[in-house]
Amino acid sequence: MIGTDTVIIFVIEESDIATPNAFTPNGDGLNDYYRPSFLGLGNITDFSIYSRWGALLYFSADPTQGWDGMFNGNEQEVGNYIVVIKAVNQFGEPIVKTGMVALLR
């Protein structure tokens, strides 16, 4: 007796958030905005930038916008800032990534 069968294989792609560790908002057209990006299947829902004292400097639900190093129309100082990024993976599960970004001029 000869038979056949079918096997379905689901590949689960790894998901991660790529976060630059520095940017240079100096108007030269290169690296002027801080923008995280999602690697794999899923998307970023929002991200925030905080000062070292915890003050919210930037929030966006559109990660394509990016932070230009400004707050209330003022250039922020060279230094490190706290980043909090929220996303959902391909299964709708929440992902939160925190880290630091260096603002350089």
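Modeller: The model is a predicted one, and in it β8 covers residues 79–89 and pairs in the antiparallel sense with β4, residues 42–50, over eight bridges. Within that pairing, Asn-43 stands opposite Val-88 of β8. β8 is also joined to β9, residues 94–103, by 10 bridges, and these two strands likewise run antiparallel; here Lys-86 has Val-96 in β9 as its bridge partner. The two strands form a hairpin with four residues between them, and in the turn Gly-92 has a positive phi of about 80 degrees.

Turning to the packing, the largest nonpolar core has 16 residues, and those that touch the most other members are Tyr-34, Ile-49, Trp-67, Tyr-81 and Ile-85. Two or more residues of this core come from each of β4, β5, β8 and β9, and β8 gives the most, with four residues. Trp-67 has contacts that include Tyr-81 and Ile-49, together with Phe-47, Leu-57 and Leu-103, when residues up to four places away in sequence are not counted.

Ser-51 counts as buried because its relative accessibility is 7%, where the cut-off for buried is under 20%. With residues up to four places away in sequence again left aside, Ser-51 touches Leu-57, Tyr-81 and Ile-82.

Note on methods. Residues numbered from 1 in each chain as written. Predicted model: local features only at pLDDT ≥ 70, side-chain atom pairs only at ≥ 80, totals over all residues. Heavy atoms only, no water. Pairing = 2+ DSSP bridges. Buried < 20%, exposed > 50% of the residue type's maximum accessible area, 1.4 Å probe, protein only. Contact = heavy atoms within 4.5 Å. Core = buried A, V, L, I, M, F, W, Y, C linked by side-chain atoms within 4.5 Å.
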